[in-house]
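Please keep the sequence and the 3D view open while reading.

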Amino acid sequence: MASQVTDIIIEEGITSISAHNAFADCTALQAVRFPSTIKTIGTRAFSGDTRLASVSFRTDAKIQTIGEFAFYNCAFATFDIPSPAASNSMIEANAFSYCKNLTAFSVPSGVRVIGENAFSGCTKLETIIFPLSLKRVGSNVFEPGVIKSVYYTGTSNNWRSVDVQPGNESWNTEKIKYGIKNVSGIELDRTYIAIDNEEITSTSVTELLNVTVKPADAMNKSLTITSSNSNVASVSSASGSADDNGNFAIILTIRKQTFTTTVKSRSTTIKVTASDGGYSAECEVIVKGRETAQGPTLDGEGGQSTA
């Protein structure tokens, strides 16, 4: 039965996927969503889920441990762990080994240890970002000769204190770029969009919402975008990355509503969150119905009524 499951939503309040092989070899599984409370993803939790292409976290989640072989041989091309993670976090041995579609990985601030062979067999993984918190890199952590770009938020002096084990010579020192910048905030060009329902002549209209990531030269400008009520307004993409100028455009599809005498408007909150640092900004979108007719009112001191 487990092999037929395509989507899993881990409920809020759960802190650990602790059972070995908890969701291993679920070959139909395509998407997993974790709550803010998740701390530990245990040994072989999703190992062998060869169609698992989407893994998402609540932006306020604080990961402590990703266990051995936790995501072995999964299908995702990106994997964004909210940053900062819990202090003294670790990515254990072979956690992401043989994730052959993975192209880049940003280790969140707070991670101190990356276990041996953590990314071995990741034959497309060319870019890695290390945080200043990192203290130990296990042996043969990457597939030999694949890594092209290594970024580290600290200085070269900081890097000398990191215990890098044998088998990492092909990327260590000469390929590392030091002192990369982190995201310090994001802004939206609008925080409120209001549209009269009668102005939506067909089924929907589109509006553009512009995002600015600061600083523009931050290394990891990945974003996630959500709508609290997609029946009111949906977003063009659930994720993306700002350009070299720090800009990103979201197309909102705002839908025509059917109102009753008791419901005068409907709204949704568009939330944009930076993967680096968890900074977020919101825009409220409201679709307004026709105002109900007003009865006679008193006008001025004389108490004259007007229709």
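The model shown here is predicted. One of its sheets is open and has 4 strands, in the order β8-β10-β12-β14, with parallel pairing. The strands at the edges are β8, residues 104-106, and β14, residues 176-178, and each of them pairs on one side only. On average, neighbouring strands of this sheet are turned by 15 degrees against each other, with direction ignored. Strand β10 covers residues 127-130; β8 runs parallel to β10, and 3 bridges join the two. Within this pairing, Phe 105 has Ile 128 of β10 as its bridge partner.

Another open sheet has 3 strands in the order β1-β3-β5, and the pairing is parallel here as well. Its edge strands are β1 (7-9) and β5 (54-57), each pairing on one side only. From one strand to the next, the twist averages 5 degrees. Strand β3 consists of residues 31-34, and β1 pairs with β3 in the parallel sense over 3 bridges. Asp 7 stands opposite Ala 31 of β3. Strands of a sheet pair through backbone hydrogen bonds, either parallel or antiparallel.

**The chain as a whole**

The two sheets are part of a chain that has 1 helix and 25 strands. Along the principal axes, the C-alpha atoms fill a box of roughly 90 × 50 × 30 Å. Of the 307 residues in the chain, 42% are buried. Among contacts between residues at least 6 apart in sequence, 55% join residues at least 24 apart.

**The nonpolar cores**

Which residues have the most contacts inside the largest nonpolar core? They are Phe 34, Phe 71, Phe 79, Phe 96, Phe 105, Phe 119 and Phe 130, in a core of 49 residues. Strands β3, β5, β9 (111-114), β10 and β12 (149-152) each supply at least two residues of this core. Phe 105 shows what such contacts look like: leaving out residues up to four places away in sequence, Phe 105 touches Phe 79, Ile 81, Ile 91, Phe 96, Phe 119, Leu 125, Thr 127, Ile 128 and Ile 129. Another core, of 26 residues, lies apart from the largest one and includes Leu 223, Ile 225, Ala 274 and Val 285.

**Aromatic rings**

The structure holds 25 aromatic pairs. In one of them, the ring centres of Phe 57 and Phe 79 are 5.8 Å apart and the ring planes meet at 70 degrees, so the pair is edge-to-face. This pair links distant parts of the chain: Phe 57 is in strand β5, while Phe 79 is in the loop between β6 (65-66) and β7 (89-91), 22 residues apart. Phe 57 counts as buried because its relative accessibility is 11%, under the cut-off of 20%. Phe 79 is also buried, with a relative accessible area of 1%.

Phe 71 and Phe 96 form a pair with another geometry. Their ring centres are 5.7 Å apart and their planes are at 5 degrees, so this pair is stacked. Phe 71 is in the loop between β6 and β7, and Phe 96 is in the loop between β7 and β8; the pair links distant parts of the chain, 25 residues apart. Both Phe 71 and Phe 96 are buried.

A charge can also sit over a ring. The charged end of Arg 44 sits over the ring of Phe 69, 4.2 Å from the ring centre.

**Backbone details**

Where do the cis peptide bonds and the residues with positive phi lie? The table lists them with their angles.

| Feature | Angle | Location |
|---|---|---|
| Cis peptide bond, Ser 83 and Pro 84 | omega about 5 degrees | Pro 84 in the loop between β6 and β7 |
| Positive phi, Asn 73 | phi near 60 degrees | Asn 73 in the loop between β6 and β7 |
| Positive phi, Tyr 98 | phi about 60 degrees | Tyr 98 in the loop between β7 and β8 |

Asn 73 has its positive phi without being a glycine, and Tyr 98 is not a glycine either. Asn 73 counts as partly exposed because its relative accessibility is 27%, between the limits of 20% and 50%. Tyr 98 is partly exposed too, with a relative accessible area of 37%.

How values were computed: Residues are numbered from 1 along each chain as its sequence is written. This is a predicted model: local features need pLDDT of at least 70, side-chain atom pairs count only at pLDDT 80 or more; totals for chains, interfaces and linings use all residues. Side-chain values use heavy atoms; hydrogens and water are left out. Two strands pair if DSSP finds at least two bridges between them. Axes are lines fitted to C-alpha atoms, for helices over the stretch in contact, and angles run from 0 to 180 degrees between N-to-C directions. Rings of Phe, Tyr and Trp (its six-membered ring) pair if their centres lie within 6.5 Å; planes under 30 degrees apart count as stacked, over 60 as edge-to-face and the rest as tilted. Buried means under 20% relative accessible area, exposed over 50%, partly exposed in between (1.4 Å probe, protein chains only). A charge sits over a ring if NZ of Lys or CZ of Arg is within 6 Å of the ring centre and within 35 degrees of the ring normal. A nonpolar core is a set of buried Ala, Val, Leu, Ile, Met, Phe, Trp, Tyr and Cys residues joined through side-chain atoms within 4.5 Å. Contact means heavy atoms within 4.5 Å.
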